[in-house]
Amino acid sequence: MIHDERSPAIEMRGIGKRFGATAANADVDFVARFGEVHALVGENGAGKSTLMSILAGLYRPDAGTLAIGGRPVRLRSPREAIGLGVGMVYQHFMLVEPFTVAENVLLGQERAGPWLETGAVERELRELGERYGLAVDPRAPVWTLSVGEQQRVEILRLLHRGAKILILDEPTAVLTPQEAAGLVRTLRGLAADGFCIVFISHKLDEVLAVADRVTVLRRGRVVGSVAAAESDRRSLARLMVGRELASLVERPAEEPHEAVATGEPVLELAGLRAEGDAGRPALAGIDLAVRAGETVGVAGVAGNGQRELAETITGLRRASGGRVRIGGADATNRSPGEIARAGVAHVPEDRLADGLIGGMDLAGNAILRRYRRPPLARGPFVVARAVAAFADRLLKEHGVAAPGRRTRLGTLSGGNQQKLLLGRELAGEPRLIVAVHPTRGVDVGATEAIHALLRAQRERGAATLLISEDLDELLALADRIAVLFEGRVMGIVPAAGADPERLGLLMAGVDGGGVAPVRRVAVAGG
Amino acid sequence: MDEVLSVAFLTSVLAAAIPAGTAILYACLGELLCERAGVLNLGVEGMMLMGALGGVAATLWSGSVWVGTLGALLVGAGMASIHAVLTVGLGANQVVSGLALTLFGGGFSAFLGQDLVGRPVPATFGDLAVPVLADIPEIGRILFRQDALVYVSYALVPLLWLFIGRTRAGLRLRAVGERPEAADAMGVSVGRLRALYVVLGGALAGVGGAAISLGTNPGWQEGMTAGRGRIAVALVIFAGWNPLRAALGAYLFGGVEAGQFRLQGAGVPVSSFFLNMLPYLFTIAVLVLATREAARRRLGGPAALGRPYAREERG
């Protein structure tokens with residue numbers, strides 16, 4: 001353990017790292033001290049995670065030097081990083097789900113004796129948890145824990161191993177506002193105890209609230225490092241994006257909303273039930289209606305049935321009870337093809353798993369919804385010329401930046417993939433759009449384009465079910481927001497003037513004054 | 001037919017089921033370890049055949065079955081290290097590499113063993129009666145008048161069960177098979193551990209081969225494992241990756257195999273072709289049932305089974 005108060009905790013100089021043709025980091029300098037919360041901000045793809053993975057020993061840099069506690073080091077593995085007191089909480093938790101909390105903490109630790117004994121660790125975890133506000137049952141299997149609790153396990157595990165430098169990669173993205181506030185208190189407490197906390201985020205309000213210093217990355221390079229107290233949203237946003245962006249600087253919630261539309265209901269769910277992947281109930285009786293020209297947002301902490309809801313509506317998952325009606329006709333447990341033909345567009349959570357084919361070219365991906373019918377099809381054949389014309393038009397209309405329609409889809413950025421997907425799904429003027437995290441992993445420019453597309457669809461009269469973990473996005477786009485908790489709708493509130501505090505309570509399963517049973521039985525995290 | 005239903009007949013079938021099942025059991029335990037570490041090795045049949053041949057050759061050379069068994073173990077481990085280099089080291093497709101290993105083991109053992117076909121082995125595993133226990137009526141005859149490899153397997157099953165579930169090394173083994181990224185981030189060397197268990201699995205498959213060539217069917221015959229290696233792979237699924245259930249499954253198969261011979265011997269009027277088919281029919285039936293049960297109870301194999309792990313791959 002190196003712990004010299006006067007030396008910087010972390011000193012990275014001239015760090016470079018390439019993945020294939022892309023430079024994820026180029027000539028990056030990054031310095032953080034013990035006793036401070038240091039935020040690392042930047043757009044998606046700016047190189048934040050790569051830089052911190054280098055610090056955590058997961059990636060090796062192509063260039064540059066690294067010193068921890070004033071001593072130059074060369075990290076070859078995460079084990080070495082942990083040995084030097086550096087630990088990272090990844091966005092995708094590094095927990096073994098079938099293991100208990102204590103087993104996860106023990107994994108990889110050197111202790112005497114061949115036997116797996118968890119008693120001592122359980123005691124130590126309880127003590128650490130009390131001290132830093134990280135309560136979690138050491139005997140619980142990880143898959144039974146909520147996402148917020150799993151995050152606490154990650155932090156506890158690093159503390160238990162004696163880490164003095166903690167790196168957290170977008171830790172609040174998966175938390176309710178209340179959980180996020182609790183995490184911020186924990187991090188401030190750790191900093192006050194002399195820990196060095198590196199906090200990766202792109203949410204500027206949060207960064208300004210928690211951090212002492214902020215370092216901004218853009219396209220793999222550091223474009224500024226400032227004291228949080230001397231900074232504000234506007235200046236950080238300008239650094240991050242390199243230009244002024246209205247949506248980042250102004251609170252989207254303040255944009256005017258028209259009154260709730262009075263069109264015909266397009267999507268009606270009555271008592272909808274479905275099982276999750278692990279066979280536990282994921283939807284426990286959902287009642288919800290979306291009218292033409294209306295956008296209904298679905299908020300909730302990850303893993304409370306959002307994915308299952310979208311999959312059940314679009315025919316990818318069997319409903320075990322209840323009904324789905326689309327445009328007044330029953331569509332329960334119809335095939336995905338039938339549902340699509342009924343005028344339903346689907347923007348899935350994982351676009352490369354359920355929406356697009358990475359190994360196929362752009363033209364192939366563009367025609368997936370319509371290659372069976374003329375003019376693209378003639379008998380068993382696909383008409384090459386018609387396909388080319390259709391694909392070229394789609395790419396142009398939606399501003400997909402790509403060398404051409406023959407480009408392999410997997411080589412495009414997330415934003416361009418998503419624009420192509422949306423273009424394909426919206427081409428048939430659907431009456432219902434089911435969009436799940438439409439802007440996740442997408443850069444700010446593409447996010448604006450996607451939001452504009454969804455707004456235009458709403459004005460055209462399409463009904464939209466928008467599932468998102470980003471409250472700002474929901475407040476900006478939705479007319480009403482339904483909050484999911486453990487597979488139920490906890491409440492539906494109008495988006496105009498919605499109180500994030502109240503939404504947060506609903507997301508945590510607390511309904512107004514009464515407290516719902518917050519036992520997690522229904523849903524596995526992640 | 002009366003003869004078939006007698007206690008004596010049943011006892012003799014069960015007593016034969018244990019050694020017949022033991023060869024499958026060793027191979028199955030080996031594959032189980034390998035799969036728990038996240039690597040599928042479909043080359044068990046090839047490793048068993050090479051092990052069977054290696055056992056015979058080493059016994060002929062040394063005159064000792066134990067040296068023979070050691071030889072089988074080393075040959076099996078050597079075969080498996082090919083799989084380890086290809087799949088763990090180079091990230092090759094595990095299914096292709098395993099199938100290649102089966103074909104290679106079958107052909108290569110036939111080639112190397114040409115001169116050994118039909119040669120009697122100077123020493124084989126003979127039955128040893130365990131004092132006191134062997135005298136228990138029926139049970140003693142079934143369980144405690146067996147050869148040394150059977151007794152070793154009796155100990156190996158609970159030891160492996162304890163190892164996987166109750167030791168720190170077992171925790172690492174399971175972590176590497178369930179979530180290699182997490183194990184890696186916690187400082188466990190994923191590649192090294194996976195390679196180790198692939199090689200250990202091969203060593204056990206080799207011993208499984210020796211259990212045939214030095215035990216139940218002494219001597220070398222081309223293709224003498226007769227699909228037992230493939231059955232062992234299927235059994236791992238039936239066992240739900242649990243050594244105790246693997247033993248149960250292996251003895252069940254041993255029972256079908258032994259019963260088939262005894263039924264033929266007893267002159268039951270059923271085509272011998274049909275009886276020869278029984279173990280394989282049984283495999284299909286067991287797989288259907290085990291898969292259905294796994295689906296019902298949501299039992300899965302190790303989550304990362306068959307998935308190569310490389311650290312710097314992105315998303």
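Is Glu268(A) buried, partly exposed or exposed? Glu268(A) counts as partly exposed, because its relative accessibility is 26%. The cut-offs are under 20% relative accessible area for buried, over 50% for exposed, and partly exposed in between (1.4 Å probe, protein chains only).

Some ground rules come before the points. This is a predicted model, in which local features need pLDDT of at least 70 and side-chain atom pairs count only at pLDDT 80 or more, while totals for chains, interfaces and linings use all residues. Residues are numbered from 1 along each chain as its sequence is written, chains are lettered from A and ligands numbered from 1 in the order in which they are written, and side-chain values use heavy atoms, with hydrogens and water left out.

1. **The partner of Glu268(A).** Glu268(A) forms a salt bridge with Arg325(A), with the closest N and O atoms 4.0 Å apart. The rule asks for a side-chain nitrogen of Lys or Arg within 4 Å of a carboxyl oxygen of Asp or Glu. Arg325(A) lies in strand S14 (residues 319-326) and Glu268(A) in strand S11 (residues 265-275) of chain A, so the pair ties together parts that are 57 residues apart in sequence. Helices (H or I, at least four residues) and strands (E, at least two) are DSSP runs, numbered from the N terminus. Arg325(A) is partly exposed, at 35% relative accessible area.

2. **Glu349(A) and Arg440(A).** These side chains meet in a salt bridge of 3.6 Å, N to O. Glu349(A) sits in the loop between strand S16 (344-347) and helix H12 (351-355) of chain A, and Arg440(A) in the loop between strand S19 (432-436) and helix H16 (444-460), so the pair ties together parts that are 91 residues apart in sequence. Glu349(A) is partly exposed at 28%. Arg440(A) is partly exposed too, at 38%. Both belong to a network of salt bridges that also links Arg307(A), Glu311(A), Arg317(A) and Glu469(A).

3. **Arg405(A) and Asp392(A).** Here the closest N and O atoms of the salt bridge are 3.2 Å apart. Arg405(A) is in the loop between helix H14 (384-397) and helix H15 (414-426) of chain A, and Asp392(A) is in helix H14, 13 residues apart. Arg405(A) is partly exposed at 27%. Asp392(A) is partly exposed at 34%. Over all chains, the search finds 27 salt bridges.

4. **The interface.** Chain A and chain B bury about 2600 Å² between them, and carbon and sulfur atoms give 59% of that area. Buried area is the accessible area (1.4 Å probe) that two parts lose on being put together, summed over both. The contact (heavy atoms within 4.5 Å) takes 37 residues from chain A and 22 residues from chain B. On chain A, strand S1 (10-19), helix H2 (78-83) and helix H3 (101-106) each supply at least two residues of the side that touches chain B. H2(A) gives the most, with 3 residues.

5. **Buried Asn304(A).** Asn304(A) lies in the loop between strand S13 (295-299) and helix H10 (306-313) of chain A. Asn304(A) counts as buried, at 1% relative accessibility. A polar atom of the Asn304(A) side chain lies 2.7 Å from the backbone nitrogen of Glu486(A).

6. **Thr87(B).** This residue lies in helix H3 of chain B. Thr87(B) is buried, with a relative accessible area of 3%. A polar atom of its side chain lies 2.7 Å from the backbone oxygen of His83(B). Leaving out residues up to four places away in sequence, Thr87(B) touches Val39(B), Ala92(B), Asn93(B), Gln94(B) and Ser97(B).

7. **Helix H10 of chain B.** In H10(B) (residues 228-238), 9 of the 11 residues are buried, so this helix is largely enclosed by the rest of the structure. Among the buried residues are Arg228(B), Ile231(B) and Phe238(B). Gly240(B), which follows H10(B), has a positive phi near 60°.

Key
A polar contact is a pair of N or O atoms within 3.5 Å; within protein, one must be able to donate a hydrogen and the other to accept it, and residues adjacent in sequence count only if both atoms are side-chain atoms.
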